[in-house]
Amino acid sequence: MASFPAVLQSEWTKIRSVRSTIWTLALTFVITLGIGALLSLLTRNNFSEFAGDGDSPFDATGTAFSGILLGELAIIVFGVLAVGNEYSSGMIRVSLAAVPQRATLLLGKAAVLGALALAVSLVTSFITFFVGQALLGDHSTTIGSPNVLRAVFGAALYLTMLCLFAAGVTAMLHNQTLALGVLVPFFFLLSPILSAVPKVKTLAHYFPDYAGSRMMLVYEQHGQPYGPWAGFFICLAWTVAAIGGGILVLKKRDA
Amino acid sequence: MIELHQLTKRYGDTLAVDGLSFQVPQGVVTGFLGPNGAGKSTTMRMILDLDRPTSGKVTIDGKRYGQLSEPLKYIGALLEAKAVHPGRTAYDHLLWLAQSNRIPRRRVDEVLALVGLSSVAKKRSRGFSLGMGQRLGIASALLGDPEILMFDEPVNGLDPEGILWIRNLMKGLAAEGRTVFVSSHLMSEMALTADHLVVIGKGRLLANLSMPDFIKQNSRSAVRVRTPHVEQLLTALHGAGLTAEAGPEGSYEVQDGDLAHIGELAAAHGVTLHELSPQQASLEEAFMQMTADSVEYHAGDGQGRDAAGAPGVWGSTWQAPDAAAPAAGKEN
């Protein structure tokens with residue numbers, strides 16, 4: 001059997017030696033931070049208009065994380081490319097000839113991908129949080145306030161799990177163009193739209209992005225179907241299912 | 001040693017590989033020949049466990065490929081030239097491959113030097129020519145210093161210099177005692193490098209024999225005669241114990257005939273000859289003849305194929321070269 005540490009080392013070399021890794025991860029950081037900072041600044045300057053009707057308390061953490069909905073697209077693209085470029089280049093056959101234990105290969109790739117995505121997401125979420133709070137001025141919160149630290153870690157876990165989910169879906173579809181064509185419209189359009197449509201939204205509330213984003217909420221929202229930890233486990237279940245599905249397809253298919 | 005036992009691969013209604021059984025002999029270059037679409041690449045992918053056989057099995061040193069730990073140390077393969085991420089450098093491509101099988105890093109520099117890519121090692125492979133891509137593929141096959149090497153159509157698209165390089169490389173590898181299994185659709189190429197031949201057509205085994213045997217069986221010659229007095233000539237030949245087969249354009253061909261003898265025979269019987277010429281079949285023509293029935297796509301000349309007849313047992317239905325084979329066997 002192939003040695004798992006050797007597979008990890010090899011997958012790390014693969015991931016660090018292509019430019020798309022740097023670009024997609026840098027974009028994740030820049031978009032999340034940039035939009036978060038911009039909205040924090042706008043909110044401070046126009047607080048009475050932005051802060052809503054006062055029905056629920058103002059969420060300073062959530063304001064700082066306003067950019068995550070776009071930033072997640074970049075890390076999804078990272079997950080798609082990391083798996084998909086093996087298929088687009090035909091390199092998958094070289095990889096499988098080197099590591100014929102297909103589950104080991106994909107798990108090794110997912111482990112490296114997940115570790116890198118988590119590291120970048122943690123840096124992104126903490127910096128975004130602190131920059132956002134600095135710009136919010138009087139309306140800011142602190143990392144020590146109730147639920148805030150959980151929300152900041154939650155943001156990082158959310159991004160990491162979406163990245164791995166995307167990687168798993170790409171392995172199932174074994175085609176990076178198709179995976180991008182399915183995942184980007186799903187997360188950017190379909191899921192947000194469906195979660196606003198009556199009746200359908202009950203279903204949409206169990207989609208990975210909606211579920212995962214519950215972890216970032218500091219205050220309980222009106223009509224929220226479940227709490228942050230339930231959201232975490234629902235998102236985790238999607239991620240595990242996608243990677244598991246990817247392994248099944250990879251094992252079953254001719255390469 | 002690579003052993004195939006009744007290896008079969010079916011895609012839907014198509015049998016790509018049909019009950020293939022043979023062994024690849026150790027320490028020599030074995031040519032794996034067949035027209036395009038004969039199932040060579042599919043067979044090679046099944047050897048590497050990339051495609052799963054519908055039935056039958058293939059083993060390497062008695063084990064399935066998937067059971068090998070660190071397989072690059074047993075068998076190195078070049079399947080496609082550019083199965084490389086275009087944005088990754090040649091060095092990094094070989095590095096991840098080496099790391100996956102715990103091959104020391106210095107081996108990467110060694111194989112890069114061996115294939116002559118040291119100067120572009122840090123360049124992204126996007127800009128590589130086909131020949132450079134082929135060299136990189138060969139470097140990855142050699143990385144684990146394996147006993148068995150497998151190359152799928154390695155000379156495809158290469159310039160004469162590249163072809164010569166690969167030819168010498170394969171001979172050199174076999175001279176070191178390694179097993180080289182190389183596919184091709186060109187008999188002429190194999191005649192220069194291979195010690196052993198495995199020929200397939202439409203997924204079925206057509207021949208499995210040594211190169212000297214192949215040459216011996218297929219270098220027969222014939223004498224072609226053309227005459228307005230067919231009856232008389234055939235009678236004369238028959239009288240001398242020779243048989244003539246109908247050739248192209250009303251000619252007749254005498255297997256293993258002697259030019260002088262047939263000329264004298266005709267003169268003695270007062271038969272006018274319009275042609276008396278020696279016919280030699282090249283190995284390429286013999287190969288085309290053999291696989292004529294199993295070629296997937298034919299060039300326009302529909303007549304040629306029917307005239308070729310069934311290939312049957314190797315060598316037994318040998319005919320004059322230009323009767324049919326050239327039209328039937330050309331690659332598309």
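Author: Helices (H or I, at least four residues) and strands (E, at least two) are taken here as DSSP runs and numbered from the N terminus. This is a predicted model, in which local features need pLDDT of at least 70 and side-chain atom pairs count only at pLDDT 80 or more, while totals for chains, interfaces and linings use all residues. Residues are numbered from 1 along each chain as its sequence is written, and chains are lettered from A and ligands numbered from 1 in the order in which they are written.

Reader: In which helix is A:G246 found, and is A:G246 buried or exposed?

Author: A residue is buried if 20 or more other C-beta atoms, placed from the backbone, lie within 10 Å of its own, exposed if 12 or fewer do, and partly exposed in between. A:G246 is found in helix α12 (residues 228-252) of chain A, and A:G246 counts as buried because it has 26 C-beta neighbours inside 10 Å.

Reader: With which residues is A:G246 in contact, leaving aside its neighbours within four places in sequence?

Author: Two residues are in contact if their C-beta atoms, placed from the backbone, lie within 7 Å. On that basis A:G246 is in contact with A:L106, A:G168, A:A171 and A:M172; the C-alpha atoms of A:G246 and A:L106, which are 140 residues apart along the chain, are separated by 7.9 Å.

Reader: How many residues does the contact take from chain B and from chain A?

Author: The contact takes 30 residues from chain B and 26 residues from chain A. On the side of chain B that touches chain A, the largest share, 6 residues, comes from helix α2 (residues 90-100) of chain B.

Reader: In what order do the strands of the open sheet in chain B stand?

Author: Strands of a sheet pair through backbone hydrogen bonds, either parallel or antiparallel; two strands count as paired if DSSP finds at least two bridges between them. In chain B, 3 strands form an open sheet in the order β2-β1-β4, with antiparallel pairing. Strands β2 (14-24) and β4 (55-60) of chain B stand at the edges, each with a single partner strand, so one side of each is left without a neighbour in the sheet. Strand β1 (residues 2-11) of chain B is joined to β4(B) by 5 bridges, and B:T8 stands opposite B:S55 in β4(B).

Reader: Which strand pairs with strand β8 of chain B, and over how many bridges?

Author: Strand β8 (residues 196-201) of chain B pairs with strand β9 (residues 204-210) of chain B in the antiparallel sense over 6 bridges, and B:L197 stands opposite B:L209 in β9(B). The two strands, β8(B) and β9(B), form a hairpin with 2 residues between them, and B:K202 in the turn has a positive phi of about 50 degrees.
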